[in-house]
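Me: I have a structure open here and I'm new to it. Can you walk me through some of it?
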Amino acid sequence: MPYPSIIRGWNCILDWIAPLRCPLCGERLDEMPACRRCRLPDPALRRRQLRLDRRGPFLLLAGGDYQGALRRLVHAFKYHADPGAAALLLAQARLVLPARLLWDALVPVPTPRQRIRARGGEPVAEFASRLAVVTGLPVRRVLRRAQATPPLAGRGSVERRRLVRGAFRAQGAAGRLLVIDDVATTGATFRACRRVLLCAGAVSVDLLVAAATPRRLF
Ligand SMILES: [Zn+2]
């Protein structure tokens, strides 16, 4: 049995034992999965941008703005490992993907080791694994943290850029890669990842996040 089929089967059993519920309103999610009361996933929220830097064009895909219901879902997933939040964020992220996938692999942004210990898991890697199941794209862990960085939340773009400079290393990158992260704010983390992935041999590097700050993406 191929690996995604095993996961699908396991998820069906889990749904039967403990049906998924929306963390925002408590309603049981339907099969999509979707919350009718919160009207999620919502195609109107998704954001796609084609951007250009000195290394070439790249795509920025976000499930939606990091505010309101989406922000609460990200928090429920990231800090409380809520399975309903994970299912809704995945459904929202699928809406932003084009019908014909443009990538060879998904590359999760690695979580700093101390935060993995504190949270008891790695939400971004888990999100990438779930996306891999629904897209059929493999996950390649070609990024690693070269040095510890303090939490970036609440910091400005200049400080973020300084903190993530040299924070990542890439090894064995190849083909067209879609970097996966939970939230994009200033884009400093993505820029640092994109730079090392292209230097390590990737042909192209795009970004998919569950949510992005509600302003023009970096
Ligand atoms: Zn709901």
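Me: Let's pick one residue. What does Asp182 touch, neighbours within four places in sequence left aside?
Reply: Asp182 is in contact with Lys78, Val124, Val209, Ala210 and Ala211; contact means heavy atoms within 4.5 Å. This is a predicted model, where local features need pLDDT of at least 70 and side-chain atom pairs count only at pLDDT 80 or more, while totals for chains, interfaces and linings use all residues. Residues are numbered from 1 along each chain as its sequence is written, and side-chain values use heavy atoms, with hydrogens and water left out.

Me: Is Asp182 buried or exposed?
Reply: Asp182 is buried, at a relative accessible area of 13%. Buried means under 20% relative accessible area, exposed over 50%, and partly exposed in between, with a 1.4 Å probe and protein chains only.

Me: And where does Asp182 lie?
Reply: In strand β6, residues 175-184. Strands (E, at least two residues) and helices (H or I, at least four) are DSSP runs, numbered from the N terminus.

Me: How many helices and strands are there?
Reply: The protein chain has 7 helices and 7 strands. Along the sequence their pattern reads α-β-β-α-α-β-α-α-β-α-β-β-α-β.

Me: What share of the residues is buried?
Reply: 46% of the 218 residues in the protein chain count as buried.

Me: What about contacts across the sequence?
Reply: Taking contacts with a separation of 6 or more, 71% are between residues 24 or more positions apart.

Me: Changing topic: how many salt bridges are there?
Reply: The count comes to 8, a salt bridge being a side-chain nitrogen of Lys or Arg within 4 Å of a carboxyl oxygen of Asp or Glu.

Me: Why would such side chains pair up at all?
Reply: Side chains of opposite charge can pair when their charged atoms come close.

Me: Which residue forms a salt bridge with Asp104?
Reply: Arg176 does, with the closest N and O atoms 3.0 Å apart. The pair links distant parts of the chain, 72 residues apart: Arg176 is in strand β6, and Asp104 is in the loop between α3 (83-96) and β3 (105-108). Arg176 is partly exposed, at 32% relative accessible area, and Asp104 is partly exposed at 30%.

Me: Which salt bridge partner does Glu126 have?
Reply: Arg130, at 3.1 Å from N to O. Glu126 is partly exposed at 35% relative accessible area, as is Arg130 at 26%.

Me: What does Arg144 touch, not counting residues up to four places away in sequence?
Reply: Arg144 touches Pro110, Ala167, Phe168 and Arg169. As for Pro112, 32 residues away along the chain, its C-alpha atom is separated from that of Arg144 by 9.1 Å.
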